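Hi everyone, thanks for coming. Let me show you the structure I would like to walk through today, and then we can look at a few parts of it together.

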Amino acid sequence: MLKGKIAKLAVSDVRFPTSLEQHGSDAMHANPDYSAAYVVIETDDGLKGYGITFTVGRGTEIVVCAVEALSTLVIGKTLEDIVSNFSGFYRCLTSDSQMRWIGPEKGVIQLASAAILNAIWDMWARAEGKPLWKLLVDMDPKQLIRCIDFRYITDALTEQEALSELISIGIQLNYDLPEEMLKEGYPAYTTSCAWLGYSDQQLTQLCSTALTEGWTKFKVKVGADLQDDIRRCSLIRKMIGPENSLMIDANQRWDVAEAISYVTKLAEFRPLWIEEPTCPDDILGHAAISKALAPLGIGVATGEQCHNRVMFKQFLQASALQFVQIDSCRVGSVNENLAIMLMAAKFRVPVCPHAGGVGLCELVQHLILFDYISVSASLENRMCEYVDHLHEHFKSPTVIRNAHYMPPKDPGFSSEMFDESVQKHQFPHGEVWRSILEKNGS
């Protein structure tokens, strides 16, 4: 199944009108339409792989163009060619001598690379007949290391260090961990209750329902108005009680001093972390915020808009974050996330992935299962975000039981969408968007 040549690569601009009901609204993204550049690759012997990268509406068409531009680096290769030297292929895709000028390894070109690489990982897992997390867990450490491009991070983690660590972990590994995950699942937290655009009535209703479903960890969007945030955080804290966990997320709203002042005023609600308090590129700013908030027992979480492994390296070296939030589509797919998870393990910082959007929950659950089983073996201060939107459009949707992610069992990366969903939500000519645009007179 690895011998067939990749003969086709198709990409679609798929958008869901989530802005109509304020789903996903936060302090910086008031009206997002959750979207994806959706990639399907196919070999000449019929094997397919499906990949996505997440966007929030306008601009998805630019990512689609970038995917099409990169497709020439993929078509004609066999899956065996790629995975036998995956780090080499990763570098080929992300370091094309001309296209890297519009990156390198950041922004639109990296989102496009992630969509393609996610499709290749999905194809590989399907070829092996395993869910992606199991493909990773079963992989020989040397083969796993060959998937990672260590360029630019060897001052924090060398290839030999990573290999030695994986071998050491493998020797000490509790082989009950996979069975524990299959039985209990991985702990999740919910962001679905408290989008910034939700009314207090809606927030109260959703929070009450979540508590009855077993949720114990809640995240609240903040940053637009302090008094409004004090009211909303007070409402949620009273509802969930003192024992459950509360996190707050500003989505990059503040300057550094403003973030420290603002979060200090919310400290009475005992948030575990403040997420994305300032510009996602400001590593030293995050370090200053971390230092200032430490006496209050509030950590800093970030990562969903970190461009690449180099930024995560510097965040870790600068003690600028206390929770690493990997994203399955922002950086260079599984390859780069493997590097980030291994660096986080070396620096002893817990990984708590960003999820939600279109397919992010479906994808990132595989990564966090691998992190627990093969890297950290710890659940202390660890959880994975969950947002209850758009799962019905995926053939292998996320399964949540008692506020835990249940490990996927279908082969692949859980990234295949229903053809009907893709066709109806293609922008701008799909049925859903034709109707919306006609109503708006566009």
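Which strands does helix α4 lie across? Helix α4, residues 107-128, lies across β1, β2 and β3, and it runs at about 150° to β3. For such angles, axes are lines fitted to C-alpha atoms, for helices over the stretch in contact, and the angles run from 0 to 180 degrees between N-to-C directions. Contact, here and later, means heavy atoms within 4.5 Å.

Before going on, a word on the source: this is a predicted model, where local features need pLDDT of at least 70 and side-chain atom pairs count only at pLDDT 80 or more, while totals for chains, interfaces and linings use all residues. Residues are numbered from 1 along each chain as its sequence is written, and side-chain values use heavy atoms, with hydrogens and water left out.

Now the sheet under discussion. Its three strands form an open sheet in the order β1-β2-β3, with antiparallel pairing. At the edges are β1 (6-15) and β3 (48-55), each pairing on one side only. On average, neighbouring strands of this sheet are turned by 15° against each other, direction ignored. Strands of a sheet pair through backbone hydrogen bonds, either parallel or antiparallel. In our terms, two strands pair if DSSP finds at least two bridges between them. Between β1 and β2 (residues 35-43) there are nine bridges, and Lys8 stands opposite Glu42 in β2.

Let's step back to the whole chain. Its secondary structure comes to 17 helices and 12 strands; these are DSSP runs numbered from the N terminus, helices being H or I with at least four residues and strands E with at least two. The C-alpha trace spans about 60 × 60 × 45 Å along its principal axes. Among contacts between residues at least 6 apart in sequence, 75% join residues at least 24 apart.

Finally, please find Thr264 in helix α11, residues 256-265.

What does Thr264 touch, leaving aside its neighbours within four places in sequence? Thr264 is in contact with Leu293 and Leu296. The C-alpha atoms of Thr264 and Ile298, 34 residues apart along the chain, are separated by 9.2 Å.
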